[in-house]
Amino acid sequence: GGQEIIALAEEINGVRNYLLIQKNRYSDIFDFSIEIEEELLATPIPKLSIQPLVENAIYHGIKPAKCFGRIRISTRRLDGRAEIRVEDDGAGCGGKDLEELMGESAKFGLRSVHERIRLYFGSGYGLVLNPAETGFSVSILIPIE
């Protein structure tokens with residue numbers, strides 16, 4: 001429908017379909033889970049915000065680790081915001097911070113997602129890199145209506 005902002009439920013549906021296609025291609029290297037809080041399903045989000053993070057998890061986390069991996073997408077309420085977290089147990093980011101990774105936007109695509117979220121919702125929202133013992137974990141913070 002040409003909409004730039006869609007419901008989280010619609011975004012998750014597209015990401016689930018993408019993951020099913022990738023799992024069919026790479027069934028021997030990863031599995032995934034999606035755990036979304038029901039009350040957040042109507043939350044508005046810019047379309048194609050989660051898929052680039054999932055692509056990063058597969059191509060920059062799981063595949064380079066050269067062992068079977070897991071991708072987990074989850075949500076929670078956090079201080080009046082919705083947090084959508086994408087985690088993998090793959091190769092990690094080599095100790096780089098979010099600014100360094102966003103500087104590698106051609107490789108990681110994080111900058112585009114971060115900037116679009118901030119454009120629509122303001123500077124209090126966007127991507128946050130989460131501490132992770134192994135792998136990589138990044139969250140999207142968006143307002144709850």
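Q: Which exposed residues sit on the face of α1 turned away from its buried side?
A: That face carries I21 and N24, where exposed means over 50% relative accessible area, buried under 20%, and partly exposed in between, with a 1.4 Å probe and protein chains only. This is a predicted model, in which local features need pLDDT of at least 70 and side-chain atom pairs count only at pLDDT 80 or more, while totals for chains, interfaces and linings use all residues. Residues are numbered from 1 along each chain as its sequence is written, and side-chain values use heavy atoms, with hydrogens and water left out.

Q: And which residues of α1 are buried?
A: They are L8, E11, I12, V15, Y18, L19 and Q22. These residues cover an arc of only 125° around the axis, which puts them on the same side of α1; the arc is that of the directions from the helix axis to the C-beta atoms.

Q: What covers them?
A: The cover includes β1 (5–7), β2, β3 (44–46), α2, β4 and β5. Helices (H or I, at least four residues) and strands (E, at least two) are DSSP runs, numbered from the N terminus.

Q: What does L19 touch, leaving aside its neighbours within four places in sequence?
A: L19 is in contact (heavy atoms within 4.5 Å) with F30, F32, I34, V54, I58, I71 and I73.

Q: Switching to the sheet, what is the strand order?
A: The 5 strands form an open sheet in the order β2-β4-β5-β7-β6, with mixed pairing, and two strands pair if DSSP finds at least two bridges between them. β2 (30–35) and β6 (126–129) stand at the edges with a single partner strand each, so one side of each is left without a neighbour in the sheet.

Q: How many bridges join β6 to β7?
A: There are 4, and β6 runs antiparallel to β7 (residues 136–143); G126 stands opposite L141 in β7.

Q: Which strands does α2 touch?
A: Helix α2 (residues 51–65) packs on the sheet and touches β2, β4, β5, β6 and β7, its direction making about 145° with that of β4. Axes are lines fitted to C-alpha atoms, for helices over the stretch in contact, and angles run from 0 to 180 degrees between N-to-C directions.
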